[in-house]
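Thanks for passing this one along. Here are a few notes to read alongside the model.

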Amino acid sequence: MKERVLRFVESKGTAKFAEIQKFIVDINYGEGAYESQKDYEGKKRFRGYYCAAFRTGGRGRWGYTPIGYFLKGDNRLEKISKGVYKTVRS
């Protein structure tokens, strides 16, 4: 999953958190799943999906992925402004 996300962000140059989240949900649940799934209040059902992968603090697992999953390693995402990421490859 990480490599697919890195390639997605690379293809755009930069990507917002919500764009990356939508990309992941659509891969895992089918095209259009992110937009079509809303809870009873009209909020996105997948609003917090993969959030731990973007956290820099804490330890262990939280939710679906290990903390910092997309932010660690030689090939990773780097936050360049509030909610905007780019791909970094070493």
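**Notes on a helix pair and its salt bridges**

1. Let me start with Glu78, which counts as partly exposed at 31% relative accessibility (buried is under 20% relative accessible area, exposed over 50%, and partly exposed in between, with a 1.4 Å probe and protein chains only). The side chain of Glu78 meets that of Lys86 in a salt bridge, 3.8 Å from N to O. Here a salt bridge is a side-chain nitrogen of Lys or Arg within 4 Å of a carboxyl oxygen of Asp or Glu. Lys86 is partly exposed as well, with a relative accessible area of 31%.

2. A word on the basis of these notes: this is a predicted model, where local features need pLDDT of at least 70 and side-chain atom pairs count only at pLDDT 80 or more, while totals for chains, interfaces and linings use all residues. Residues are numbered from 1 along each chain as its sequence is written, and side-chain values use heavy atoms, with hydrogens and water left out.

3. Now to the helices (DSSP runs of H or I, at least four residues, numbered from the N terminus). Helix α1 covers residues 2-12 and helix α2 residues 17-29; they pack at an angle of about 135 degrees, with their axes 11 Å apart. The axes are lines fitted to C-alpha atoms over the stretch in contact, and angles run from 0 to 180 degrees between N-to-C directions. That makes α1 oblique to α2, since angles under 35 degrees count as roughly parallel, over 145 as roughly antiparallel, 65 to 115 as roughly perpendicular and the rest as oblique.

4. Which residues make the contact between the two helices? From α1 come Arg4, Val5, Phe8, Val9 and Lys12, and from α2 come Glu19, Ile20, Phe23, Ile24 and Ile27 (contact means heavy atoms within 4.5 Å). By class, seven of these residues are nonpolar, none polar and three charged.

5. Two of the contact residues, Lys12 and Glu19, also form a salt bridge, their closest N and O atoms being 3.6 Å apart. Glu19 is partly exposed, at 30% relative accessible area, and so is Lys12, at 41%.

6. Within helix α1, Glu3 and Arg7 lie four residues apart, about one turn of the helix. Their side chains meet in a salt bridge of 3.6 Å, N to O. Glu3 is partly exposed at 34%, and Arg7 is partly exposed at 48%.

7. Finally, the count comes to six salt bridges. Those that share partners join Glu3, Arg7, Glu10 and Arg89 into one network.

Note on methods. Ala, Val, Leu, Ile, Met, Phe, Trp, Tyr, Cys and Pro count as nonpolar, Asp, Glu, Lys and Arg as charged, and the others, Gly among them, as polar.
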